[in-house]
Amino acid sequence: MTFNALVVEKDADSGKTTAAVQALAETDLPDAEVTVAVEYSTVNYKDGLCIGPGGGLVRRYPHVPGIDFAGTVEASDDARYKPGDKVVLTGWRVGEAHWGGYAQKARVRADWLVPLPDGLDTRAAMAVGTAGLTAMLAVMALQDHGLTPDKGPVLVTGAAGGVGSVAVAILSNLGFEVAAVTGRPEQEGYLRDLGATQIVPRAELTEVTRKPLEGEQWAGCVDAVAGAMLGRVLKQVKYGGSVAAIGLAGGAAIEGALITPFILRGVNLLGIDSVMQPYDARLRAWARIASDLPMDRLEAMVQPATLSDLPRLGAEILKGQVKGRVVVDVN
Ligand code: NDP
């Protein structure tokens with residue numbers, strides 16, 4: 001019995017990697033407690049790296065990427081899971097250091113799984129994926145730091161991307177006024193359909209300035225970009241507001257950042273990690289996703305794909321060309 005998987009191989013001489021769909025045997029799977037019949041996976045920025053040259057994330061080749069998957073438990077040596085259970089997995093370095101979800105079967109540690117929350121099927125769970133979980137964690141962190149709709153508009157950067165799209169939809173559904181930063185003006189209609197009421201052109205926030213502060217505009221921000229944009233946004237956040245920093249699509253530095261927003265306006269910079277989130281926090285976030293993310297808006301973000309589309313999609317996400325969320329039907 002074989003199953004299909006996207007396998008990345010590395011040429012020992014040239015160091016070049018190639019990704020192609022191959023048939024694998026169950027005996028090829030790594031040792032772990034739970035075998036899952038994967039139904040859907042997705043494409044995140046990190047997947048782009050792992051489908052391609054690896055970005056230092058992949059430890060061993062041949063490798064099966066896919067940092068997220070959802071499916072049905074087929075066999076389990078752990079009392080928490082039994083055959084037939086619907087499960088979702090994000091993070092824990094699955095798809096990087098461990099074989100991931102770009103396959104019809106995966107074998108993983110029981111600790112890494114989360115039971116599918118009521119109200120979400122496996123396809124919807126992958127329309128959410130790591131990107132959506134991260135967006136939810138960011139919104140929860142902003143709310144924990146006092147963000148409420150009456151405080152003013154919330155900015156979402158990298159808005160047409162995966163994390164940004166879900167953040168726009170959740171915030172809008174919760175009654176926030178949402179301003180979306182995008183470098184793709186052609187995505188304005190898409191972002192307004194998700195619930196954005198204001199579109200901010202990326203170019204307005206890419207110039208590095210040495211100004212200590214700018215006019216107070218945003219009650220909060222979900223930032224997927226960092227770089228010059230985060231340096232500027234911090235200076236525009238209202239007194240006592242917070243920025244949830246989730247990504248680095250525009251660079252790993254915070255360019256032009258000064259201490260002034262923190263010490264003169266009490267601005268908070270909140271770091272968000274989805275990979276190593278403890279189990280209970282994951283359960284809370286998935287329950288909030290099931291209640292706070294409207295399914296019709298989630299569906300509007302989805303671009304369907306199959307295993308053989310992944311080499312192309314991996315390259316596209318690294319260039320910032322993927323809109324919203326890709327859902328990969330591995331079967
Ligand atoms: P996407 O590629 O889907 O979205 C990123 C978006 O950022 C793009 O769509 C684009 O939006 C914008 N962007 C891209 N390049 C630039 C640039 N040079 N300058 C300004 N904006 C840019 O990726 P994801 O949404 O999946 O991930 C976003 C970031 O979050 C990545 O850095 C990723 O590694 C990180 N991440 C972190 C997680 C965590 O746990 N903290 C979890 C998941 C992701 P637009 O076209 O609208 O301008």
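Student: Is Glu-39 buried or exposed, and how many C-beta neighbours does Glu-39 have inside 10 Å?

Tutor: A residue is called buried if 20 or more other C-beta atoms, placed from the backbone, lie within 10 Å of its own, exposed if 12 or fewer, and partly exposed in between. Glu-39 counts as buried because 21 C-beta neighbours fall inside 10 Å. Bear in mind that this is a predicted model, in which local features need pLDDT of at least 70 and side-chain atom pairs count only at pLDDT 80 or more, while totals for chains, interfaces and linings use all residues. Residues are numbered from 1 along each chain as its sequence is written.

Student: Which residue lies 31 residues from Glu-39 in sequence and 6.0 Å from Glu-39 in space?

Tutor: That residue is Ala-70, with the distance taken from C-alpha to C-alpha.

Student: How should I read the packing of helix H2 against helix H3?

Tutor: Two packed helices are described by the angle between their axes and the distance between the axes. Here the axes of H2 (residues 122-144) and H3 (residues 162-173) come within 8 Å and cross at roughly 50°, the axes being lines fitted to C-alpha atoms over the stretch in contact, with angles running from 0 to 180 degrees between N-to-C directions. H2 is therefore oblique to H3, since angles under 35 degrees count as roughly parallel, over 145 as roughly antiparallel, 65 to 115 as roughly perpendicular and the rest as oblique.

Student: Where is the cis peptide bond, and what is its omega?

Tutor: The cis peptide bond joins Tyr-61 and Pro-62, with omega about -5°.

Conventions. Helix = DSSP H or I, 4+ residues; strand = E, 2+ residues; numbered from the N terminus.
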